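Reader: Can you walk me through this one? I'd like to start with confidence, then get to the fold.

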Amino acid sequence: MKLIVGLGNPGCEYHLTPHNLGFMAVDRLAEICRAEFSRREARAKITSARFQGEQVVLAKPQTFMNLSGVSVSGLLRSLDVPLEDLIVLVDDVDLPLGSLRIRPRGSAGGHNGLKSVIGALETDLFTRIRMGVGPDNPAEDLVAYVLSPFRERDQQVVAQMVDRAVEAVRVILKEGVEKAMNLFNRKVQAQAEEQ
């Protein structure tokens, strides 16, 4: 069984904001699997489904972003899921909007949700899919930026990125993290070269 966690903040005021991209990605996975977040476990909304032939638990911690690790570590314990079967989906303001970066380990990179997860697990050895939400120009207030709704003109790019993140999960489950990195991280480099 795989545990796929999207990080975000609970509450309708955070819906469709950059900081809730993790929630948006697991919502899309649930939609594809025709599953509903009808249960609660370890301070998260969860649902079980089959995706690409794998049993998966999709989770959205309800702790607010900065305490996500409390929920993620609790889910791993209560569901008896080994660390190598954890995938975390999260936003990243340091990546261009629409890009993905997949890693099997790494630092929090300044993201408080990842910082909380790494702190609670006492390791950075888990797969994460970072989804780029970087602003066009340097934002004066990054907190306000990530907690404000996406601009209407960016919504199509965001929807495509969420679909690509779901495809990245599919590749990770079927062919492994390295294959997913080769497929999706390369596109990030290509985008950077075009700019």
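Author: What follows goes from confidence to the sheet, then to helices, single residues and loops.

Reader: Experimental or predicted, and what is the mean pLDDT of the protein chain?

Author: This is a predicted model. The mean pLDDT of the protein chain is 93. Of its residues, 95% reach 70 or more.

Reader: Where does pLDDT stay under 50?

Author: Over residues 188-192. The model has 5 contacts beyond four places in sequence for that stretch. Where pLDDT is low, the predicted coordinates should not be read in detail.

Reader: OK, the sheet. How many strands, and in what order?

Author: It is an open sheet of 7 strands, ordered S2-S3-S4-S1-S5-S7-S6. The pairing is mixed.

Reader: Which are the edge strands?

Author: S2 and S6, the latter covering residues 100-103. Each of them pairs on one side only. On average, neighbouring strands of the sheet are turned by 35° against each other, direction ignored.

Reader: Take S1. Is S1 enclosed or open, and why?

Author: S1 is largely enclosed by the rest of the structure, because 5 of its 5 residues are buried. Both of its faces are covered. Lys 2, Ile 4 and Gly 6 are buried on one side. Leu 3 and Val 5 are buried on the other.

Reader: Follow Leu 89. What is its bridge partner in S7?

Author: Ile 129. S5 and S7 (residues 127-134) pair in the parallel sense over 7 bridges.

Reader: What about Thr 127, buried or exposed?

Author: Thr 127 lies in S7. Thr 127 is buried, because its relative accessible area of 9% is under the 20% cut-off. Leaving aside neighbours within four places in sequence, its contacts include Leu 86, Ile 87 and Val 88. Arg 103, Pro 104, Ile 172 and Val 177 are also in contact with Thr 127.

Reader: Switching to helices. Which strands does H1 lie across?

Author: H1 lies across S1, S3, S4, S5 and S7. H1 runs at about 140° to S4.

Reader: And H2? How far apart are its end C-alpha atoms?

Author: They are 16 Å apart. H2 has 12 residues, 68-79, so at 1.5 Å a residue it should span 16 Å, which agrees.

Reader: Is H2 covered or exposed?

Author: Mostly covered: 9 of its 12 residues are buried. Among them are Val 72, Leu 75, Leu 76 and Leu 79. The cover over the buried residues of H2 includes S1, S2, S3, S4 and S5, along with helix H3 (112-121).

Reader: What follows H2?

Author: Asp 80, with a positive phi near 55°.

Reader: Which other residues have positive phi without being glycine?

Author: Arg 43 is one, with phi near 60°. Gln 52 is another, near 55°. Arg 43 sits in the loop between S2 and S3, and Gln 52 in the loop between S3 and S4. Arg 43 is exposed at 52% relative accessible area. Gln 52 is partly exposed at 32%.

Reader: Is Thr 17 buried or exposed?

Author: Buried, at 0% relative accessibility. Thr 17 is in the loop between S1 and H1 (21-33). Beyond residues up to four places away, Thr 17 touches Met 24, Val 146, Leu 147, Ser 148, Pro 149 and Phe 150.

Reader: How far is Thr 17 from Ile 129?

Author: They are 17 Å apart, C-alpha to C-alpha, and 112 residues apart in sequence.

Reader: Last one. How many disulfides?

Author: The structure holds 0. As for cysteines, Cys 12 is exposed, with a relative accessible area of 72%. Cys 33 is buried, at 18%.

Note on methods:
Residues numbered from 1 in each chain as written. Predicted model: local features only at pLDDT ≥ 70, side-chain atom pairs only at ≥ 80, totals over all residues. Heavy atoms only, no water. Disulfide = S-S within 2.5 Å. Buried < 20%, exposed > 50% of the residue type's maximum accessible area, 1.4 Å probe, protein only. Helix = DSSP H or I, 4+ residues; strand = E, 2+ residues; numbered from the N terminus. Expected span 1.5 Å × (residues − 1). Contact = heavy atoms within 4.5 Å. Pairing = 2+ DSSP bridges. Axes fitted to C-alpha atoms, helices over the stretch in contact; angles between N-to-C directions. pLDDT = per-residue confidence, 0-100.
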